[in-house]
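Hi,

Here is the structure I promised to pass on. Have a look at it first, and then read my notes below.

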Amino acid sequence: MRIRTTPAGRTPLEGRTPHAPGGTGTTGTTGTTRARRAARRREGAWGWLFVSPMVLILGLFLVLPILMALWVSLLHWDGQSNPFSGQADFVGLDNYRTLFTQDGLDRTLFATALRNNAYYVLLTVPLQTGLALGLALILNQRLLRGRGALRTTFFLPSVTSSIAVATIFLFLFQGSGAVNALLSWIGVKGPNWFADPRGVLSLILGGLGIVDPDHPTGVLADHSFMGLSWFEWLSGPSVAMCTIILLAVWTTSGTFMLIFLAALQDIPRELEETAALEGVNRRQLLRYVTLPALRPVLFLVLTLGLIATWQVFDQVYVMGQGAPGNTTLTPAFLSYSSGFDDADFGQGSAIAFVLLVLILTLTAFQRWALRERGTRTRRNR
């Protein structure tokens, strides 16, 4: 058998390129893969080059202070020396044990702050979310007149200084303030709002004759947790804390309203028109069309509200600093007070990190609760 040669004296396979039809292409494929990897590496290098200023800023002003605060939480430090020089006493986890396991004033104050903040979160987050969603649904009506003016009106408290708003609330809710004056017109004697440490739930149960708020007895009074009796845990937010809750709901609903409104306007009109053709009423439209479409935005609003309410500080600082009777004390303010008032920055940092872990845990649980739940399909056998 004779092999046909080309004019150059080579076999046909020798003259073909790797990418020509009929060629093997192994060498060309390897070269192309290497070129793509090199291009990706160059793109990654340029990407890191562009984001490096922000990474450095975040590392310098966010990550590094967090690590420093974590180290301080393991010390007994008064803030007068260098915590990294060895002059501060290393106590390990003693600051955390003081908060959770050792009987004393520190644990009682920490438990009181957690109780107050828990009621603050449980009432503020649902109220501000529901009010914001309701306002957004109203302003999303296409036939509503003056929507721009209403948006500005509802959003105005959110851009006003929280210190200024808290100061105004102090004048409105004082004993002879405008709120009690309005209540007197309907024959109701308003309380001295910022000087009333009684729990709202205990007042309601006392009014129904179920318990005696001044002298509780029974199981609720005989058992305790972290230095507080069960009755103190379950007595509800104080009257003073309720005024701070009203302030928070009034000032934050406008911001969340705009977030919901933007999400509502992003829902395709075809979904609403299809639901209308199917004979769906407004309540069913809200439940089966609008709310499922708002699930990611609802998670965002609830997460922002959860973080902000657990970190509440400025309203508490202006409107009582824990008074009356530590019923408006919060972990954020207790952390500040431990560091700057009591010169115990180790315990203040420990409180801050406990609060951080609590927020991360609740956020993760909230993400799990609002996750997409799809039906699992069975494999055909």
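At what angle do the axes of α15 and α16 cross, and within what distance do they come? They cross at roughly 160° and come within 7 Å. Before you go on, a word on the basis: this is a predicted model, in which local features need pLDDT of at least 70 and side-chain atom pairs count only at pLDDT 80 or more, while totals for chains, interfaces and linings use all residues. Residues are numbered from 1 along each chain as its sequence is written, and side-chain values use heavy atoms, with hydrogens and water left out.

Helices (H or I, at least four residues) and strands (E, at least two) are DSSP runs, numbered from the N terminus. Axes are lines fitted to C-alpha atoms, for helices over the stretch in contact, and angles run from 0 to 180 degrees between N-to-C directions.

On the α15 side, the contact (heavy atoms within 4.5 Å) includes Pro331, Leu334 and Phe340; on the α16 side, Phe345, Ile351 and Leu355 are among the partners. By class, the contact residues of these two helices are 8 nonpolar, 5 polar and no charged. Here Ala, Val, Leu, Ile, Met, Phe, Trp, Tyr, Cys and Pro count as nonpolar, Asp, Glu, Lys and Arg as charged, and the others, Gly among them, as polar.

Now the pockets. On a 1 Å grid over the protein atoms alone, a pocket is an open set of points where a 1.4 Å probe fits, with protein on both sides within 12 Å along at least five of seven lines; lining residues have an atom within 4 Å of a point. A volume is the space filled by probe spheres set on the points, which are joined across faces, edges and corners.

- The largest pocket holds about 600 Å³. Of its 19 lining residues, Gln141, Glu272, Arg282, Leu285 and Thr290 lie nearest its centre. The lining has 9 nonpolar, 4 polar and 6 charged residues.
- The second largest pocket has about 480 Å³. It is lined by 21 residues, with Ser335, Gly348, Ser349, Ala352 and Phe353 the closest to its centre. α16 gives the largest share, 9 residues, and the lining has 16 nonpolar, 5 polar and no charged residues.

Two backbone details to finish. Most residues other than glycine have a negative phi, and most peptide bonds are trans. Methionine 226, in the loop between β3 and β4, has a positive phi near 55°. The bond from alanine 323 to proline 324 is cis, with omega near 0°, and proline 324 is in the loop between α14 and α15.

Cheers
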